[in-house]
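Have the sequence and the model side by side.

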Amino acid sequence: QQQPQQQQQQQQQLQLAQLAQHTQQLQQASAAASLEAEEPASRHGYVPGGEVSIGEHRFRCLSVLGRGSYSEVWRAEALDIAASDGSKGQSPVEVALKEVLCGSQSELQQAIFEVQVLLALEQSVPGKDIEVLRVPRCITYKVDPCSAGGWKVRTAMTVVPGESLDLFLRRPSPFGTGSMTTMLRRSCALVAKLILDVVPMLKLLEPIAWHRDVNSHNILVHFPSEEGRADGVKGVDVADAMFWLIDFGLAVDSQSWVTDRGKWRTEYIGGDSRYWPPSSWIMHLLGPEGFAGRQDLCEQYQRRLDIHGLGITALELLCTQLLSAQRSAAGGDEFPAASAFDALLEAWRRYRDDVWQWWSAVYQVFSSGGDVGPLQAQLVEDRLVERLLELLENIRLSIERCITNLVAVEGPCLPSRLLCVIKAMLDERSRMSLAEIVAMMRNEPQDPGVSPETTAVDARCPRVQPPATTDPASQSPAAPSPSAASVSAASPSAPSLSASPSSMASPSSMTLATSVASLQARAALGRPDGS
């Protein structure tokens, strides 16, 4: 029994390595150039203007959104789905078509797990609140065997609005000019909105899976006010900002991942290393044995990868906006805590320069198909983990100075409270939960038994009213429906399977260990250990 399990683990490790490599290639290709030019022939079978059937629906392909070694995402329009206003056939509904080529059972299981997660997230939210989900929604999916062996998994998803946060950060701030005090408040309000939109999604996801790839590439930002304001004033409104979490291709089952014998010990590491916590680098360079005597870091790798990734993304957004504000500030007032924020921006620069350099070295080896072993040995010799811990400690100390100065000058305020949250998200010793982060940022009462960090923040920065938003995770989830059948995969000789959320296929020769129904039940009931 152990030998097949070991073989499966090895297959999953190889598959995750391929996924991580292709995800990085896709991100760089998307950032380097637009894909609006003429598209080359697709080995996935999609061509501009071509029609494809997935499940019960037909779609017309428009253009490539992203392309990698094993997957492709196209923008398309649905030919038989009514628009939201009911005008079927008059306003084509745009969708995203994703196709993943799978050469092994483990790759197939990973591709379908992404579908399962999207369906489970949607089914765990009451129907009346479905529009507040900040993730794509699965419309339909299909699994086909390939003539050359393996399978292809096709999924039609809703197109979420906006652009990647990574691209947003590369262009000038859309908020115009103003004093540094004004720009600080705008930047903090924007970062608070990021946390208030994404953390509830991670909270809903927590009983189901860990995303493992939360970063500025996989978060989209949308400003509805950019599409036209009634007053004719150019620019955007921070309060209108909407953030979306996308790309669950590296997600892992959160229940089988944790504990001493969990899959965290054997699954290949995933995600963008620029957003890795120190624990991910330990796993990459030293394996699970590297956590000996480092319980906090081991706990971080098991349970807080997404929290750290979002914390770095929040800090990146804040510092990038403040750096832009420094260059364009109109003056007019004395910026409170100016020297403290200068130190924070310098700490961020040092972090960014060193971590981006380490990422580049690893990426070059993987993209060229080289042996990563010598580079890993060099990075261990260079004390990468210790240096990263020092960089993060310097950031937290700089944040602490900013908080102290802000409270002294302005008293309890949203910026100081936000900085307390970001500081906790970047601390491997922190036990501040997703639920506490949501309650803290939304000015809601905390449950008994909160973490020491939350108690300290409440004592230091009494609650202030944050931007209004809706937290679907705080609503009572819909009860699991016994009619929701598990998603299943085709065996090499089986006919293709297809399904939509309203009509799921029955299990075939291989039923995945985790069904949509069981994932939905987890989201409704919470974690088995009661946390």
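Is Arg 383 buried, exposed or partly exposed? Keep in mind that this is a predicted model. Arg 383 has a relative accessibility of 42%, so it counts as partly exposed, because that class lies between the 20% and 50% limits. Its place is the loop between helix 10 (373-381) and helix 11 (384-410). The backbone of Arg 383 deserves a look: phi is positive, near 60 degrees, and the residue is not a glycine. Most residues other than glycine have a negative phi.

Step back now into helix 10, which Arg 383 follows. Its buried residues are Leu 375, Gln 376 and Leu 379. Around the axis they cover an arc of only 100 degrees, so they sit on the same side of helix 10. What do the buried residues of helix 10 pack against? Their partners are helix 6 (278-286), helix 9 (338-367) and helix 11. Turn to the face pointing away from the buried side. There helix 10 carries the exposed residues Pro 374 and Glu 381.

Asp 247 lies in a loop, between strand 10 (242-245) and strand 11 (252-253). Its relative accessible area is 23%, so Asp 247 is partly exposed. The cut-off for buried is under 20%.

Ser 430 is in the loop between helix 12 (414-425) and helix 13 (434-441). Its relative accessibility is 0%, so Ser 430 counts as buried. What does Ser 430 touch, leaving out residues up to four places away in sequence? The answer is Arg 304, Ala 424 and Glu 453. With Ala 424 there is a polar approach: a polar atom of the Ser 430 side chain lies 3.4 Å from the backbone oxygen of Ala 424.

Finish at His 57, in strand 2 (residues 57-67). With a relative accessible area of 17%, His 57 is under the 20% limit and therefore buried. Beyond its neighbours within four places in sequence, His 57 is in contact with Val 52, Asp 80, Ile 81, Ile 139 and Thr 140. One of these partners, Asp 80, also makes a polar contact: its side chain and that of His 57 are joined at 3.4 Å.

Conventions. Residues are numbered from 1 along each chain as its sequence is written. This is a predicted model: local features need pLDDT of at least 70, side-chain atom pairs count only at pLDDT 80 or more; totals for chains, interfaces and linings use all residues. Side-chain values use heavy atoms; hydrogens and water are left out. Helices (H or I, at least four residues) and strands (E, at least two) are DSSP runs, numbered from the N terminus. Buried means under 20% relative accessible area, exposed over 50%, partly exposed in between (1.4 Å probe, protein chains only). A polar contact is a pair of N or O atoms within 3.5 Å; within protein, one must be able to donate a hydrogen and the other to accept it, and residues adjacent in sequence count only if both atoms are side-chain atoms. Contact means heavy atoms within 4.5 Å. The arc is that of the directions from the helix axis to the C-beta atoms.
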